[in-house]
Amino acid sequence: MVKNKTIAYRIFLVFDYILLGAFAIMCLLPVLHVAFASFSDPAWVMSNSGLILRPHGFNIDGYQQVFSNRSLMGSYGNTILYVAASTGIGLLVTVLGAYPLSKKEVLFSNALMLVISFTMLFNGGMVAFYIVVKNIGLLDSRWAVILPTCVSAFNLILVRTAMSAIPKSLEESAMLDGAGPVRIMFQIYLPLIKATMATVILYYAVAHWNSWFNASLFLKDRGKFPLQLILREILIANDTASNATQSGDVAGNADLYKQLVKYCTIMVATVPVLCFYPFIMKYFEKGVMIGSIKG
């Protein structure tokens, strides 16, 4: 009986590895296609309609156009600012909200959690959202991108659940030693839930890095546009007019370089997030599981 179970378990492992390997290849192929196309000859890229698994005619003309585009590089700086500010503010507010809500003795904590959970299912809609942002004077300002969506109800619940699992005796011992609530929160609670905090940082950073809709709704000044909004113009609207610094053969073959610039812009927008993942992934699985199995 034990032998049969072992064989069945091995068969399951083989099937599991094959399935996960196939899924990994499916996720990796589009990234490789864009990466190799961005370094390929633009004429070959325009004529090719299949999957690109190696660069053809290595050149960096597309990247030269991207990095010489002042509008694109300015939007890159805007995105870094928006991600840093939104993630920092969101993380602070999330922790300050989750800490008291994790205490059972706090008055109306369950009712407040119900209200917070309700916002995950229902909202006032885009028109009401726009009117609120307009009435508080945030239109066409960087705060319109940073503040309205800097806090996620899901992330707050995740942090609150992790804090609820910490033994009450740790807090009581710290209070006997003279520690106040702020010190307890930052020196005891946060170090103990660093896996969850790393997961929340990842969620916030990736969400804000990929965000473009709020910027398109609230911003008119192109100097404040984030990278993803400029990328959307390049990919959907084929907006190559902003490449004002083209010269020589590049300027005379703008149509030829359209597809190449798209690939290069996608890589420039994607690489920072891909570089950010390895530093967080060791905490990711543990952080997600804490928030999912403990309530």
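Helices here are DSSP runs of H or I with at least four residues, strands are runs of E with at least two, and both are numbered from the N terminus. I am looking at a predicted model, where local features need pLDDT of at least 70, side-chain atom pairs count only at pLDDT 80 or more, and totals for chains, interfaces and linings use all residues. Residues are numbered from 1 along each chain as its sequence is written, and side-chain values use heavy atoms, with hydrogens and water left out.

**Entry 1: overview**

I looked up the secondary structure and found 15 helices and zero strands. I then checked burial (buried is under 20% relative accessible area, exposed over 50%, partly exposed in between, with a 1.4 Å probe and protein chains only). Of the 295 residues, 35% count as buried. For contacts I used heavy atoms within 4.5 Å. Taking contacts between residues at least 6 apart in sequence, 75% join residues at least 24 apart.

**Entry 2: two loop residues with positive phi**

Asp 140 sits in the loop between helix H6 (125-135) and H7, and its phi is near 55 degrees. Its relative accessibility is 27%, so I logged Asp 140 as partly exposed. Phe 108 lies in the loop between H4 and H5 and has a positive phi of about 65 degrees. Is Phe 108 buried or exposed? Phe 108 counts as exposed, because its relative accessibility is 58%.

**Entry 3: H5 against H8**

Two packed helices are described by the angle and the distance between their axes. I took axes as lines fitted to C-alpha atoms, for helices over the stretch in contact, with angles from 0 to 180 degrees between N-to-C directions. The axes of H5 (residues 109-121) and H8 (residues 153-164) come within 9 Å and cross at roughly 145 degrees. On the H5 side I listed Asn 110, Met 113, Ile 116, Ser 117, Thr 119 and Met 120; they meet Ala 153, Phe 154, Leu 156, Ile 157 and Arg 160 in H8.

**Entry 4: H11 and the cores**

H11 (residues 194-210) has 17 residues and reaches 24 Å from its first C-alpha to its last, close to the 24 Å expected at 1.5 Å a residue; the expected span is 1.5 Å times one less than the number of residues. I found H11 largely enclosed by the rest of the structure, because 12 of its 17 residues are buried. Among them are Met 197, Tyr 204, His 208 and Trp 209.

I next looked for nonpolar cores, meaning sets of buried Ala, Val, Leu, Ile, Met, Phe, Trp, Tyr and Cys residues joined through side-chain atoms within 4.5 Å. The largest has 37 residues, and Val 66, Leu 72, Trp 209, Leu 219 and Leu 227 touch the most other members. Elements that give two or more residues to this core include H1 (2-38), H4 (70-101), H11 and H15 (254-293). H15 gives the most, with 10 residues. A second, separate core of 19 residues includes Leu 91, Ile 184, Met 185 and Met 197.

Beyond its neighbours within four places in sequence, Trp 209 has contacts including Tyr 76, Ile 80, Leu 227, Pro 272 and Val 273.

**Entry 5: Ser 38**

I found Ser 38 in helix H1, buried with a relative accessible area of 0%. Which residues touch Ser 38, leaving aside neighbours within four places in sequence? I noted Asn 59, Tyr 63, Leu 260, Tyr 263, Cys 264 and Met 267. Ser 38 and Gly 62 are 24 residues apart in sequence, yet 6.8 Å apart in space, C-alpha to C-alpha.
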